[in-house]
Amino acid sequence: MTHSPLLNPMFQNVIDMDLTSTQLLASEPLSIEVSSAKVAYLAAAVLFVLSLAGLSKQTTAGRGNLLGIIGMLIAIAVTIVAMLSAEHTIAVSTYTMMAVAITAAVVVGAVLAVRVPMTGMPELVAMLHSFVGLAAVLVGISSHIESYADVPPGELLIHDIEVFIGVFIGAITFTGSIIAFLKLRGTIGGKPLTLPGRHMINLLMVAACIGLGVWFCQESHNPDGSHNESGQAMTALLLMTGIASLIGVHLVMAIGGADMPVVVSMLNSYSGWAASAAGFMLKNHLLIATGALVGSSGAILSYIMCAAMNRSFISV
């Protein structure tokens with residue numbers, strides 16, 4: 001590489017580094033299966049963005065919903081094909097369990113879509129959010145037990161933080177969504193449960209979760225980078241899951257029934273961030289992008305709803 005005397009040495013180093021990075025990337029050819037999967041994931045992500053844009057207006061809501069369905073079908077199909085063409089061997093029982101789970105989900109979703117009236121949609125959405133939160137918790141715990149992707153030794157701490165944050169958000173989303181569902185359904189009274197010093201209680205529980213997070217990261221791996229089987233990382237993770245579940249219950253119980261639509265929208269945002277965290281754990285770019293879309297759009301919708309109701313977003 002010839003260096004130009006007219007360039008600042010710092011800028012020249014940046015140019016050299018960029019060229020070297022490009023050469024390194026070019027020297028690692030991708031298989032046709034991996035390349036096709038990445039293109040399909042990108043197409044699905046674009047369809048999800050177009051779906052959100054279509055859902056912003058009543059005249060284009062039907063088209064937006066259809067684009068979202070197509071994007072999700074592409075994502076599911078590509079994921080299944082990627083599993084079938086994976087280099088490592090997967091037991092037949094795993095495929096059977098996956099087929100049973102997909103079939104059951106399709107049947108339940110179709111039945112709910114037909115039977116649930118439009119007035120019951122907030123309840124249904126709240127319940128679906130609880131599924132996303134529970135999935136994030138299970139993915140995080142299983143990812144700690146056995147990582148689904150090769151994690152370089154220098155990124156083990158980052159992976160542990162991803163697992164911890166994903167489980168934390170997922171647990172809050174899971175229990176908070178269940179309480180919101182019960183309140184909307186009328187099983188639990190709509191009157192807010194305001195305990196004395198509730199903000200301090202929430203702060204103490206969050207502080208406890210942060211302390212458990214430090215403990216979890218310290219106990220998760222040995223100094224050589226291997227998984228610490230005899231450590232107390234799982235204990236810290238399960239304790240945090242319990243505390244985060246209590247946070248979800250306490251947060252939603254303190255909100256009145258009139259504000260439940262905003263709460264459901266916020267839980268929608270939480271479920272998106274939980275899904276995005278799961279994407280980081282699974283090294284799935286589409287899940288990361290989709291979760292970020294859901295999380296950000298849910299937060300924006302919550303702010304718009306609070307403004308329309310003349311309510312403070314922070315207080316709700």
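User: What should I know about the model before I start?

Analyst: It's a predicted model, where local features need pLDDT of at least 70, side-chain atom pairs count only at pLDDT 80 or more, and totals for chains, interfaces and linings use all residues. Residues are numbered from 1 along each chain as its sequence is written, and side-chain values use heavy atoms, with hydrogens and water left out.

User: At what angle do helix α6 and helix α7 cross?

Analyst: Helices here are DSSP runs (H or I, at least four residues), numbered from the N terminus. Axes are lines fitted to C-alpha atoms over the stretch in contact, with angles from 0 to 180 degrees between N-to-C directions. For α6 (residues 156-185) and α7 (residues 198-220), the axes come within 10 Å and cross at roughly 140 degrees.

User: Which residues of α6 and α7 meet?

Analyst: Contact means heavy atoms within 4.5 Å. From α6 you get Leu157, Asp160, Ile161, Val163, Phe164 and Phe168, and they meet Cys209, Leu212, Gly213, Phe216, Cys217 and Ser220 in α7.

User: How many aromatic pairs does the whole structure have?

Analyst: Rings of Phe, Tyr and Trp (its six-membered ring) pair if their centres lie within 6.5 Å; planes under 30 degrees apart are stacked, over 60 edge-to-face, and the rest tilted. A search of the whole structure turns up one pair. Phe164 and Phe216 have ring centres 5.7 Å apart and planes at 35 degrees, so they're tilted. The pair joins distant parts of the chain, with Phe164 in α6 and Phe216 in α7, 52 residues apart.

User: Are Phe164 and Phe216 buried or exposed?

Analyst: Buried means under 20% relative accessible area, exposed over 50%, and partly exposed in between (1.4 Å probe, protein chains only). Phe164 is buried at 10%, and Phe216 is buried at 0%.

User: Which residues have the most contacts inside the largest nonpolar core?

Analyst: A nonpolar core is a set of buried Ala, Val, Leu, Ile, Met, Phe, Trp, Tyr and Cys residues joined through side-chain atoms within 4.5 Å. The largest has 19 residues, and Val163, Phe164, Val167, Phe216, Leu237 and Met240 have the most contacts inside it. Two or more residues each come from α5 (121-145), α6, α7, α8 (233-253) and α9 (260-282), with α8 giving the largest share, six residues. There's also a second, separate core of 11 residues, including Ala126 and Ile179.

User: What does Val163 touch, leaving aside neighbours within four places in sequence?

Analyst: Val163 is in contact with Gly140, Ser143, His144, Phe216, Leu237 and Met281.
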